[in-house]
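Visitor: Hi, could you walk me through this one? I'd like to start with how you sort the residues.

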Amino acid sequence: MDIVEVSLNMAELQNHTFEYEGETFVKFNVAKLKEPDQYGKTHTVYVSVKEPDSVES
């Protein structure tokens with residue numbers, strides 16, 4: 001079993017929360033890098049950005 005450890009800055013993460021059915025969520029993706037980065041990390045995390053609802057005129 002491969003385990004990927006993820007550390008996220010909670011202050012920054014607050015900017016990416018969204019509400020669904022009365023609960024607060026953050027959605028993110030973990031992606032494997034083609035090769036390890038300069039620190040030897042093999043994966044990266046992308047926060048899914050919820051687009052603001054468009055306002056129709």
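Guide: Happy to: Ala, Val, Leu, Ile, Met, Phe, Trp, Tyr, Cys and Pro count as nonpolar, Asp, Glu, Lys and Arg as charged, and the others, Gly among them, as polar. This is a predicted model, where local features need pLDDT of at least 70, side-chain atom pairs count only at pLDDT 80 or more, and totals for chains, interfaces and linings use all residues. Residues are numbered from 1 along each chain as its sequence is written, and side-chain values use heavy atoms, with hydrogens and water left out.

Visitor: So how do the residues of the lining of the largest pocket divide?

Guide: Nine are nonpolar, six polar and three charged. A pocket is an open set of points on a 1 Å grid over the protein atoms alone, where a 1.4 Å probe fits, with protein on both sides within 12 Å along at least five of seven lines; lining residues have an atom within 4 Å of a point.

Visitor: How much space lies in the largest pocket?

Guide: About 360 Å³, taken as the space filled by probe spheres set on the points, which are joined across faces, edges and corners. Of its 18 lining residues, Glu-5, Val-6, Ser-7, His-43 and Val-45 are the closest to the centre.

Visitor: Which element gives the largest share of that lining?

Guide: E4, with five residues. Helices (H or I, at least four residues) and strands (E, at least two) are DSSP runs, numbered from the N terminus. The protein has one helix and four strands, running α-β-β-β-β from the N terminus on.

Visitor: New topic: where does Phe-28 lie?

Guide: Phe-28 lies in strand E3, residues 28-32.
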